[in-house]
Every structure is written in structure tokens, then in C-alpha cells.
Amino acid sequence: MAVIPPGADPRELGASVAADPALAIETGAPAAPPRSLLVRGWSVFAENKLALASVVLLIIIILFCFLGPVIHPTDQIHTNLDLTLCAPSGSHLLGCDPVGYDELGRLMVGGQTSLEVGFAAAIVAVLFGTLYGAFSGFVGGPVDSALMRIVDAGLSIPSIMVVIILSVVFHPTKIIMIFIIAVFYWLGVARLIRGETLSLRTREYVQAVKVVGGGGGRAIVRHIVPNAIGTIIVQATFAVADSILILSGLGFLGLGVQPPATDWGDMLSGGLTYLQSGTNYWWLIYPAGFAIILTCIAFNFIGDALRDAFETRLQRR
Amino acid sequence: MAPLLQIEDLRTDIKLKHSTVHAVDGISLHVDPGETLGIVGESGCGKTMTALSIMNLLPTGGSIAGGSIKLNDVEISQLSDEKLRRVRGNDIGMIFQDPLTSLNPTMTVGRQIAEAVQLHREVSREQAMDRAAEVLDLVGMPRARERIGEYPHQFSGGMRQRVMIAMALACEPKLLIADEPTTALDVTIQKQILELIDELRQRLGMAVILVTHDLGVIAGRADRVAVMYAGRIAESTSTGTLFANPRHPYTEALFHALPEKAAETREKLLSISGLPPDLTNPPSGCRFAPRCRYATDRCRAEDPVLMGETPEHKYACFYPVGTAERGQKAAVTEEPKRAPRPEYAVPAAETLLDVRNLVKEFPVTKGAVMQRKVGFVSAVADVSFEIGRGQTLGLVGESGCGKTTVGRLLVGLDKPTNGVISFEGEDLAKRSGREYRRDRRKIQFMFQDSYSSLDPRMRAGAILREPLLVQGIGSRAEQQKRIEEMLDHVGLAHTALERYPHEFSGGQRQRLGFARALILSPELIVADEPVSALDVSIQAQVLNLMRDLQRELGLTYMFISHDLAVVRYLSTRIGVMYLGKLVEIGPADEVYMTPAHPYTRGLIDSAPVADPELEQAKEEKGVRGELPSAIHPPSGCRFRTRCPLAQEICAQEEPPMRAFSPNGHTAACHFPLQNPVSVGSTSASASQSAAP
């Protein structure tokens with residue numbers, strides 16, 4: 001085999017540490033400013049057109065519920081039996097309900113309740129579930145076993161039954177509803193985050209902290225939580241949709257917030273009585289029904305896209 | 001003779017979201033009946049895509065964009081899936097890299113092989129099972145008829161690969177495509193599997209395409225070799241010619257990057273700078289030009305065609321290296337001048353790390369709640385060694401021999417069950433709390449997989465700053481200065497600080513991992529297989545870097561690897577581990593040239609060497625059998641179950657460490673290959689003779 005004459009390539013044979021020219025070339029040429037993970041996450045998210053549409057839809061729904069009453073003020077406290085079941089007209093775009101509330105205005109007020117309870121319950125459940133799960137998974141051993149058996153016990157109780165009992169015992173206000181939904185929802189979150197923590201705990205970059213002399217706190221805060229944040233946020237998105245559904249379900253059974261407050265499920269239930277009355281009272285059913293469906297679908301699409309956005313490997317392309 | 005497989009101008013594209021990768025870009029090759037064609041190249045060069053194109057098993061988005069593939073003069077590249085299914089598994093068999101993921105864990109191996117038979121032959125279930133037992137027997141599965149009812153997880157890695165081969169051979173294909181068949185296996189098992197493929201090829205008269213990144217594997221097994229680079233064939237010729245007289249600068253550079261070539265002289269490895277080109281938009285000229293030391297403007301503008309002076313030796317280069325062949329083969333090798341090796345005996349260095357009777361046992365538990373201890377895995381059993389300041393101890397052995405566990409014990413990732421680790425004369429275990437944590441900075445760890453050891457959500461700058469933050473060293477400005485200094489040391493641009501780990505190439509990531517290990521100015525770096533995930537050319541870059549920085553900064557290394565050539569290149573002393581025991585330790589060259597333990601000898605013989613003559617000469621050597629379980633290690637000498645020299649005493653008595661030279665070369669064997677010298681005593685204290 002031919003021997004390379006010494007000095008054939010000064011770059012190779014030079015005494016200095018072999019620099020990696022590839023990186024210099026790579027970083028030199030286009031000099032694209034390094035984008036943060038959030039920016040790149042957004043670009044992956046933005047590729048999902050369905051999710052973008054969902055975000056727009058969700059913003060519209062939120063504006064409708066919270067700013068709508070300013071533009072279209074209606075009396076949602078006092079019943080007006082003159083207007084009972086009036087059909088949609090110029091002054092009542094979606095007609096009126098059985099006790100004479102303006103249906104469009106009621107949709108806004110009901111939406112406020114649904115969204116507020118949905119978001120709040122999701123945040124409480126995910127926050128508590130995450131802390132519980134991360135702690136359990138990171139500590140491990142008998143403590144983990146004990147904590148997880150509590151979760152198992154919670155999950156083995158038929159939630160709908162307990163929820164009904166609770167909402168009968170307490171006078172259902174927004175705060176109580178948030179609490180009731182969160183009490184059952186955090187269990188699943190805790191279990192999920194605990195599993196995530198178990199696998200993250202053994203990752204080499206978490207072990208690397210130990211090698212440089214760092215403790216468990218740093219490992220959790222700097223490495224485990226940031227790497228589990230994708231799962232957490234996605235879970236939170238779905239939790240909002242689920243909470244709205246649970247609230248609607250309870251409202252439908254008449255166990256939700258009490259009049260004059262309302263939510264979309266409650267409205268749906270009110271309309272159901274008139275479904276078979278011969279006259280077509282469509283405005284009692286469809287607006288509330290579609291509001292629930294659209295909101296939940298939007299949250300699910302957003303959750304799916306977030307899952308992709310938080311997956312660093314997908315950002316590579 | 002008509003070729004069995006003829007590929008003409010094959011082009012394979014893979015469509016991605018925003019671009020198209022031209023993974024295979026106009027390659028032509030042929031395989032004759034009964035011969036072995038080796039396809040060699042670095043990762044991403046298109047060798048696996050070529051193999052998959054033949055079977056049309058391309059990944060999502062992949063398609064054959066042009067060219068022809070003829071099997072026995074029948075065009076198969078445009079066949080419908082229906083017809084192609086009759087070719088796959090019947091005319092062409094294929095073995096994949098990872099035997100664990102290629103087998104269905106819910107089916108018995110017998111059923112899986114029988115399934116392949118039933119798909120292609122009109123046979124009953126019983127006949128198919130008979131055939132399964134027959135081929136399992138053929139591939140050297142002991143008690144084949146009993147084992148067809150077992151599931152994949154009941155087999156070891158080597159045995160699973162045998163099952164894969166049996167499945168590929170069940171219908172007696174004329175062509176076997178082996179895609180990195182041994183990359184996931186230990187050297188000792190690799191040798192057995194390669195021998196098996198070779199033997200079956202001769203017995204069944206089939207042709208083999210052996211795809212690998214390892215020049216050593218090619219050397220011993222292939223008749224002809226095609227060297228691939230960036231989707232093209234760079235050079236193709238017979239194995240002997242290629243190794244004696246490579247003409248393409250890329251082939252030459254591959255040889256130069258092998259650590260075994262420089263192991264004796266310990267010269268700096270000639271690495272290939274840079275990275276392979278991006279195949280979504282390949283350069284217009286010669287694809288190797290940006291990395292080629294001989295490249296001229298012509299290379300960068302024009303694309304050389306694959307041709308040569310003789311029809312059997314073709315290369316795509318305007319300025320070939322090596323010697324021209326005009327009919328006769330010229331004497332090429334100018335014997336490389338060998339710098340006289342420094343004396344075996346390394347100057348007695350001050351002992352930095354002293355490990356005495358280190359033991360680590362992992363409990364085996366049963367039951368989800370009670371976690372009863374039903375036994376233990378003896379991962380490290382009574383290991384003693386020391387490392388002198390500024391030296392490198394290489395630790396080698398098969399996977400599962402406990403070498404990584406030793407490394408983890410040293411850096412404190414695991415706590416030893418027993419034994420003493422003293423660093424600079426002080427027992428590490430006696431330290432506690434803050435003192436212990438502060439001491440951590442003196443021993444740092446370099447992980448094998450740089451990808452999983454760097455937090456994907458942190459920028460390089462934050463990753464490098466973290467150790468300084470943990471240890472509370474310096475102000476922010478001082479930390480920044482130190483970080484930039486480290487980047488200079490490992491040869492990364494300062495702009496790298498703003499990037500995330502996945503934006504680096506494998507070699508760059510390993511440099512980053514190295515920088516993290518260096519940033520606390522440690523005395524000792526424990527490097528666990530730091531280069532085994534890298535390509536040869538990149539591996540050479542990292543090895544050079546490690547060697548240069550050792551001299552510059554006076555570092556001490558413990559280098560853990562399964563690759564003897566790499567260990568020998570970098571180490572002052574080598575320790576060989578087998579099933580938790582240190583069986584031999586001594587100066588690197590002494591251990592390599594005159595091993596005393598039969599296991600060391602076997603390991604050396606098993607490791608493939610990039611030299612066809614040497615490879616073919618050691619046909620019958622190497623370690624037989626497989627690693628026994630560490631839950632019930634064999635009594636006496638743990639190697640006795642696989643040792644060709646084992647006798648009764650080996651089962652009864654554990655051999656003591658005995659000295660084989662005054663330089664601290666010791667080994668534990670009743671029937672050593674060298675004569676022991678009587679410097680040390682015959683007790684375990686012999687191992688201490690290294691530091692008088």
C-alpha cells in the first residue's frame with residue numbers, strides 16, 4: 001500500500017488538534033441563526049393545517065363566549081315568559097328557550113362556564129397528577145408502589161357514580177364542579193407521568209448529572225420535567241376537552257351548575273324535552289350540541305399537533 | 001459464466017417531506033453463482049439501500065427511479081408485488097442486522113421458519129416443520145428438533161441470528177443478502193456466524209452479498225468487493241487486489257483510518273476530514289472531492305466514471321493512488337517504516353487509581369410486591385488493578401463481561417458490593433456528602449451513545465455549563481471562557497454553543513460529550529465505548545483527539561471497548577475481562593503479542609483484521625460457544641466451559657493471578673500459553689507487582 005508522503009495534507013498531519021472542518025463549513029455558509037425549540041416546534045405545528053384551523057376556531061369560540069355578551073347584551077338572569085320558545089328572529093337570532101332566555105346569549109354564558117370549568121379542571125388535574133407521578137416515579141421503590149396503589153384504587157371506583165353522588169351532596173357551583181372533575185382526572189395523568197419519569201430517570205443524560213456531582217433535584221427540574229413537558233402539555237390539552245365533556249354530561253343529567261347559571265350540556269338537556277313535541281325547536285339542540293362537538297374536536301386536533309411539535313426528532317426534517 | 005444477479009445503473013430515491021434523497025445513484029454490479037460479493041462503505045453511503053432495492057423492500061417514500069435488476073436474466077425491478085413475493089424468500093433470502101427485532105416474539109422459531117417454507121412450497125404443515133428442523137440443524141443449532149418449539153427470547157443473540165439464517169435458507173435461495181449480519185454481535189460470535197455463512201455458501205452453492213462497514217469482515221469472506229461512497233461505487237475489484245492495491249483515494253483513506261494499522265507505531269491516525277455529502281443535493285463533481293487530499297479543480301467540476309486499466313479493477317477517480325496495473329501485478333508495498341517501539345515497560349508512573357478486590361452483584365428479584373431476592377448476577381467478581389497517572393488502561397471483553405459495570409463503579413453511578421477504590425491514595429467510599437460530590441469532578445465519564453447522553457432539550461452551551469454550575473465554579477463570564485476554551489480543545493466552532501444535540505453529526509456529538517467530560521479538568525476519564533457507534537473515518541478523528549488531549553492535558557484514561565484494535569492503539573496497558581473476572585492484564589503490546597490466557601488469544605483471533613491473507617489463515621481459531629449466565633457462573637475458572645485447554649482442575653480450583661513478565665503482565669490460568677516467571681508470588685498479590 002502506498003505510503004502518504006509526510007506533509008501531504010497539513011490539515012491532517014498538523015500538530016494541532018484536528019479541528020472538524022465540517023462544522024466550520026456547515027455553520028459558515030448559510031449562517032442561519034439557530035432557532036429555538038419553540039420556533040421549530042411551531043413550524044412543525046403549523047404544518048398541520050387541521051390544527052391551525054382548530055386554533056383559529058378555538059379563538060373564535062373563546063371570543064364569542066367572553067366578548068360576545070358585550071356586543072350582544074342579553075338578560076340571562078330574569079326569565080321572560082312572554083318570549084317562551086320564540087323562533088329565531090331579528091331581535092333573537094337563535095330564538096329563545098323554554099323560560100324565555102335569549103338562546104344566543106345563553107350559548108355565550110353556557111360557553112363561559114364550560115370553558116372555565118374545562119380549563120380550570122384540566123390545570124388542577126394535570127398539575128397535581130404531574131407532581132404526584134413525577135415524585136412517585138423518581139423516588140421509586142416501596143414509596144412508588146404505595147403511591148401507585150392509591151392511584152389504582154382511585155381508578156377502580158366507577159367515577160360516574162361518585163361524581164353523581166358528589167354533585168348531589170354539594171350544591172354544584174363552578175368551583176365544586178372543577179374539584180369534582182379534577183379529583184378523578186388526575187389519576188390517569190399521574191400514572192402516565194410516572195411511566196414517563198421511570199424511563200427518563202434511566203436516560204444517560206440524567207445519569208450524567210450524577211457523574212458531575214449533581215443531585216436529584218437538579219435532575220428532576222432541569223432534565224426530567226423539560227423532557228416530559230411534551231407529554232404533560234398534550235395531556236393537558238386532551239384534559240380540557242374531556243373536562244368539558246364530563247361537565248356537559250353532568251349538565252345533561254341535570255347535575256351540573258344550577259340555574260340561572262348554565263353550561264352547554266345543561267342547555268342540551270333543556271332542549272331535549274321539546275325534541276318530540278311536534279314543533280321543530282331546532283335552536284334548542286343544534287347550537288349547544290355543535291358548540292360542544294367543535295370545541296372538543298378542536299382541542300383534540302391541537303393535542304395531536306402538539307405531540308408532533310414536541311417530538312424533537314420530527315423537528316429535524 | 002452468466003451472472004446470477006446483474007444490476008445496471010440502478011437509481012433509488014427516497015422522498016422526504018421537502019426533498020428527495022438520491023440514496024443509490026447509478027450503480028452497476030453483478031454477482032456470479034456461488035461467489036461472495038462484499039459491499040463496504042460508511043453509514044449513509046447507500047449500501048443497505050442497494051440491498052433493499054434488490055428485494056424492493058424500500059422504506060416509505062422509497063422507489064426505484066431507474067436502471068435494471070436482473071436475476072437469471074429476468075428483470076425483477078419492475079415486477080408487481082404479487083410476483084415479487086415469489087422471488088423474495090424463494091430465490092433471494094435476506095438476513096438483517098438485528099436478529100431480535102427481525103423475529104416475531106409471539107411465534108415459535110419453528111413456526112416462523114415453516115411459514116417461509118409454506119409460502120413458497122406446496123407442503124403440509126408437518127412437512128414444513130420437518131424442513132424447519134432440518135435447516136435449524138444445518139445452521140448448527142444444537143438439539144434442533146427439540147428447540148423448534150421455543151420462542152425467540154429463549155435464544156441468545158448468536159443463536160437468534162442462526163435462526164434468521166435458517167429462515168433465509170429454508171427455500172434454498174440462489175442468492176443470500178446479508179445486511180450487516182454480525183454488527184450487533186460480539187466478535188467471538190461474529191466469527192462463528194461468518195464462518196457459518198461461508199460454509200453454507202459452499203455446501204449449497206449459493207451466492208452471497210455481504211453488506212458491511214467492517215473492512216476486516218470483508219477481508220476474510222468476500223471474493224470481490226464494491227466500495228460504496230455517497231450512493232455510488234467508488235471502486236470495485238477482487239478482494240486480494242483491493243487490499244493490496246487500492247486505487248481510489250477513499251478506499252485508501254478507509255485503510256489508513258483503521259487503528260490496527262497504526263497500533264504498532266502509535267502514529268496519528270490518518271482520518272478523513274469532514275462528512276459525506278448530503279444526498280438530497282449531491283455535488284456535481286467527484287463526490288469525494290471535498291474530503292479528498294488529492295482533489296484538484298477538475299475533481300470538483302467533473303464527475304469521474306467508474307473505469308480501470310483492467311476490466312476487473314474499476315475505480316472512479318481522475319488521479320488514482322496506488323500502482324497502475326497493466327496486465328501484470330506490480331510489487332506495490334513499500335514497507336512502511338516502523339518507528340522502533342518504545343520499550344514494553346512503561347516508565348513507572350505514580351499510581352492514580354487503585355482498585356482492590358472490587359465486587360458488584362445485582363440482586364435478582366421475584367414478585368412484584370415482596371421483591372424476594374432469589375439470587376444475584378455476579379457482574380464484577382474480585383477485580384483488582386491500578387492505573388498510573390497519564391496512562392491509559394484499556395478494558396476489553398465480550399458484552400456482559402462486566403467491563404461497563406467496572407466503569408460505572410469508578411464514576412459512582414453504581415455502588416460496589418465490596419472492595420476498595422482509592423483515588424490518589426484515598427478511599428472514595430469513605431468520603432461522604434459534599435466531599436464526595438466535589439471529588440466527582442476528578443473522575444469523569446464519557447458515554448458510549450453521545451445522542452442519548454446529551455439532553456435533547458438543552459443547547460450545547462447549557463450542556464457544557466451544567467457541570468460548572470453543579471460544582472459552583474466561576475462567575476458566568478469565567479464559565480463562558482472555560483466553555484469556549486473546551487470547544488477549541490475538541491475542535492468545534494463557537495457557533496456550536498447555540499445548537500441542540502440533534503443538529504450535530506455523530507462525531508461532533510461525541511466531541512461535545514468529550515468536552516463535557518473535560519470541562520471540570522478531571523484527572524481520570526472513564527470512556528465507555530466512545531467510538532463504537534462511529535464510522536471508521538470519524539472514529540479515527542475522535543481517537544486522534546483523545547490521544548492529543550491526553551498529551552496536552554496530562555489526562556489518564558480508562559478506555560472500555562469490545563474492539564481490541566482500538567484498545568491497543570490507545571492503551572498503555574490492557575486488561576481482559578471475562579464474565580466478571582479480570583483474566584489478564586499487562587502492557588498493551590505484551591498482552592497483544594504474547595497473550596498468556598487462552599481467552600485473550602481467542603479474542604485476538606476472533607477480531608477481524610483488514611488483511612485477506614491473515615484472515616484466511618486463522619480459519620480454525622477463535623473462541624467457541626457462548627457466554628454462560630452470570631447468575632450461575634461456572635465453578636473454578638469461569639472460562640473453562642469454552643476453553644480448548646480446560647481440564648478437571650479448572651472446574652475445581654479457581655486459578656490465581658500469576659506473573660508472566662517483570663512488567664506487570666499477569667493472568668489467571670492453570671494452563672497458560674506462556675511460561676510464568678517467578679517475580680511475584682503465585683497469590684493474588686501478583687497483580688500488585690505492576691507498581692513496585
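In chain B, strand 18 and strand 19 (residues 524-528) run parallel and are joined by four bridges; strands (E, at least two residues) and helices (H or I, at least four) are DSSP runs numbered from the N terminus. Two strands pair if DSSP finds at least two bridges between them. Along this pairing, Ile443(B) stands opposite Leu524(B) of strand 19. The structure is a predicted model, in which local features need pLDDT of at least 70 and side-chain atom pairs count only at pLDDT 80 or more, while totals for chains, interfaces and linings use all residues. Residues are numbered from 1 along each chain as its sequence is written, and chains are lettered from A, with ligands numbered from 1, in the order in which they are written.

The two strands belong to an open sheet of eight strands in chain B, arranged in the order 18-19-20-15-21-22-24-23 with mixed pairing. Strand 18 (443-446) and strand 23 (657-661) of chain B are its edges, each pairing on one side only. From one strand to the next, the twist averages 20°. Helix 18 (residues 506-518) of chain B packs on this sheet and touches both strand 18 and strand 19; its direction makes about 170° with that of strand 18. Such angles run from 0 to 180 degrees between N-to-C directions, with axes fitted as lines to C-alpha atoms, for helices over the stretch in contact.

Just beyond this pairing comes a residue worth a look. Glu529(B) sits in the loop between strand 19 and helix 19 (536-553) of chain B, and its phi is positive, near 45°. Most residues other than glycine have a negative phi. Glu529(B) counts as buried because 20 other C-beta atoms lie within 10 Å; the cut-offs are 20 or more for buried, 12 or fewer for exposed, and partly exposed in between, with C-beta atoms placed from the backbone. Asn357(B) also has a positive phi, near 50°, but this residue lies within strand 13 (residues 351-366) of chain B. With 13 other C-beta atoms within 10 Å, Asn357(B) is partly exposed.

Another parallel pair in chain B is formed by strand 6 and strand 7 (residues 175-179), again through four bridges. Met94(B) has Ile177(B) of strand 7 as its bridge partner. In a regular strand the side chains alternate between the two faces of the sheet. Strand 6 (residues 92-95) is covered on both faces: Ile92(B) and Met94(B) are buried on one side, and Gly93(B) and Ile95(B) on the other.

Among the buried residues of helix 8 are Val187(B), Ile193(B), Ile197(B) and Leu200(B). The 18 residues of this helix (residues 187-204) should span 26 Å at 1.5 Å a residue, and the end C-alpha atoms are 25 Å apart, which agrees. The expected span is 1.5 Å times one less than the number of residues. After helix 8 comes Gly205(B), with a positive phi near 65°.

Nonpolar residues meet in a core, defined as a set of buried Ala, Val, Leu, Ile, Met, Phe, Trp, Tyr and Cys residues joined through C-beta atoms within 7 Å. The largest such core has 275 residues, and Ile209(B), Leu175(B) and Val526(B) are among those with the most contacts inside it. Helix 11 (residues 216-252) of chain A gives the largest share, 17 residues. Ile209(B) touches residues including Val31(B), Leu37(B), Leu175(B) and Ile177(B), leaving aside those up to four places away in sequence; a contact means C-beta atoms, placed from the backbone, within 7 Å.

Elsewhere in chain B, Ala460(B) lies in helix 16 (residues 460-471) and is buried, with 26 other C-beta atoms within 10 Å. Leaving aside residues up to four places away in sequence, Ala460(B) touches Ala496(B), Leu497(B), Arg499(B) and Leu512(B).

Finally, the two chains can be viewed whole. Chain B has 24 helices and 24 strands, whereas chain A has 14 helices and zero strands. Of the 692 residues of chain B, 52% are buried; for the 317 residues of chain A the figure is 40%.

Methods:
Contact = placed C-beta atoms within 7 Å.
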